[in-house]
Amino acid sequence: MNYDNKEEMFPIVDEQGNITGAATRGECHNGSKLLHPVVHLHVFNSKGELYLQRRPDWKDIQPGKWDTAVGGHIDLGESVETALKREVKEELGITDFTPELLTSYVFESTREKELVFSHKTTYDGLIIPSEELDGGRFWSLEEIRSNIGKEIFTPNYENEFKKLGF
């Protein structure tokens, strides 16, 4: 799969998640603020630590920053659940997990606007980060809290971490 395919089609949605149209990845990320859906998965281990992925330096958005364990776009014609399973397998190599929906909300940056479906799971198995990530590791919640605001995490991650009250 080409991760920077600007022609890949995404659904355009309203704030309730109803599909109102479609646009390419490029159109969604060019400052148009077309609302498109994404999935996030927060992966905890049984010790209560939270796995974060490091974004590679070649990414066009927030290179080199630590971010939610799994984050990805929902493709046109795909359900939230199907997209979540696909992204978790692609990014971390995990196929056996039970997601719990925490919330959905609109996130807006200078470049894009996303309807985020945020989930969590507890997982103690093997995690194999894909080549599209620059690795990852488990962090204690205290370690995360003490590094917020220090340009270590993506703004979206910091916003969601606070919103979810971890």
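Where is the place of Thr154 in relation to helix 3 (141-147) and helix 4 (155-164)? Thr154 lies in the loop between these two helices. The model is predicted: local features need pLDDT of at least 70, side-chain atom pairs count only at pLDDT 80 or more, and totals for chains, interfaces and linings use all residues. Residues are numbered from 1 along each chain as its sequence is written, and side-chain values use heavy atoms, with hydrogens and water left out.

**Overall fold**

The chain holds four helices and nine strands, where helices (H or I, at least four residues) and strands (E, at least two) are DSSP runs numbered from the N terminus. Their order along the sequence is β-β-α-β-β-β-β-α-β-β-β-α-α. Among contacts (heavy atoms within 4.5 Å) between residues at least 6 apart in sequence, 61% join residues at least 24 apart.

| Property of the chain | Value |
|---|---|
| Buried share of the 166 residues | 46% |
| Distance between mean positions of the 19 positive and 30 negative charges | 4 Å |

Buried means under 20% relative accessible area, exposed over 50%, and partly exposed in between (1.4 Å probe, protein chains only). For the charges, Lys and Arg count as positive and Asp and Glu as negative, without His and the chain ends; their places are NZ of Lys, CZ of Arg, CG of Asp or CD of Glu.

**Surroundings of Thr154**

Thr154 is buried, at a relative accessible area of 2%. Leaving aside residues up to four places away in sequence, Thr154 touches Arg55, Gln62, Lys65, Trp66 and Asp67. With the side chain of Asp67, the Thr154 side chain makes a polar contact (3.1 Å). Such a contact is a pair of N or O atoms within 3.5 Å; within protein, one must be able to donate a hydrogen and the other to accept it, and residues adjacent in sequence count only if both atoms are side-chain atoms.
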